[in-house]
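Subject: Structure handover

Hello,

Here is the structure you are taking over. Please keep it open while you read the notes below.

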Amino acid sequence: MHLMRRGFPLPEVDNWDTGMLFNFCAEHDRMIRRANGEVVHDEMQRYHVLKEMEPEMDRRYAAGEIKEHKYREYKAVLKRCENLLGGDCE
């Protein structure tokens with residue numbers, strides 16, 4: 001994780017749980033990538049948008065308004081986001 005290279009205040013390490021430390025590192029790395037001109041997506045925001053769409057996507061698929069392959073693609077992207085975020089999605 002290399003917290004010191006990311007500017008983490010080491011005296012605070014006992015006050016943070018592992019998930020918080022990973023989030024700190026991930027956000028630091030995203031900030032560096034953005035500063036270098038790279039387009040970086042916020043996976044948590046992406047997950048929330050996809051999750052919010054889920055009831056409507058389920059309804060439209062059940063009604064035959066969405067083709068099966070598109071529905072499966074949507075569900076696969078949602079699952080990848082969940083896996084990427086390691087269950088810390090809510």
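Helices (H or I, at least four residues) and strands (E, at least two) are DSSP runs, numbered from the N terminus. This is a predicted model, in which local features need pLDDT of at least 70, side-chain atom pairs count only at pLDDT 80 or more, and totals for chains, interfaces and linings use all residues. Residues are numbered from 1 along each chain as its sequence is written, and side-chain values use heavy atoms, with hydrogens and water left out.

Helix α3

Gly-86 follows α3 and has a positive phi, near 65 degrees. The expected span of a helix is 1.5 Å times one less than its number of residues. For the 18 residues of α3 that gives 26 Å, and the end C-alpha atoms are 26 Å apart, which agrees.

Some terms for accessibility come next. A residue is buried under 20% relative accessible area, exposed over 50%, and partly exposed in between (1.4 Å probe, protein chains only). The buried residues of α3 are Tyr-71, Tyr-74, Val-77, Leu-78 and Cys-81. They lie on the same side of α3, because they cover an arc of only 125 degrees around the axis (the arc is that of the directions from the helix axis to the C-beta atoms). On the face turned away from this buried side are the exposed residues Arg-72, Arg-80, Asn-83 and Leu-84. The cover over the buried residues of α3 includes α2, where contact means heavy atoms within 4.5 Å.

Helix α2

Helix α2 runs over residues 43-62; its 20 residues should span 28 Å, and its end C-alpha atoms are 27 Å apart, which agrees. This helix bends by about 45 degrees at Glu-54, and Pro-55, a proline, follows within four residues. The bend at a residue is the angle between axes fitted to the seven residues ending there and the seven starting there.

Glu-43, Tyr-47, Leu-50, Glu-54 and Met-57 are the buried residues of α2, and what covers them includes α3 (68-85). Just after α2 comes Gly-64, with a positive phi of about 80 degrees.

Salt bridges

How many salt bridges does the structure hold? There are 13, a salt bridge being a side-chain nitrogen of Lys or Arg within 4 Å of a carboxyl oxygen of Asp or Glu.

One of them joins Lys-51 and Glu-54, with the closest N and O atoms 2.8 Å apart. These two are three residues apart in helix α2, so about one helical turn separates them. Lys-51 is partly exposed at 30% relative accessible area, whereas Glu-54 is buried at 15%.

Glu-68 is partly exposed, at 39% relative accessibility, and Arg-72 is exposed, with a relative accessible area of 54%. Elsewhere, salt bridges that share partners join Lys-51, Glu-54, Asp-58, Lys-75 and Glu-82 into one network.

Another salt bridge links the side chains of Glu-38 and Arg-33 (2.7 Å, N to O). Glu-38 is partly exposed at 39%, and Arg-33 is partly exposed at 36%.

Arg-30

Arg-30 belongs to helix α1 (residues 18-35). Apart from neighbours within four places in sequence, Arg-30 is in contact with Val-40 and His-41.

Regards
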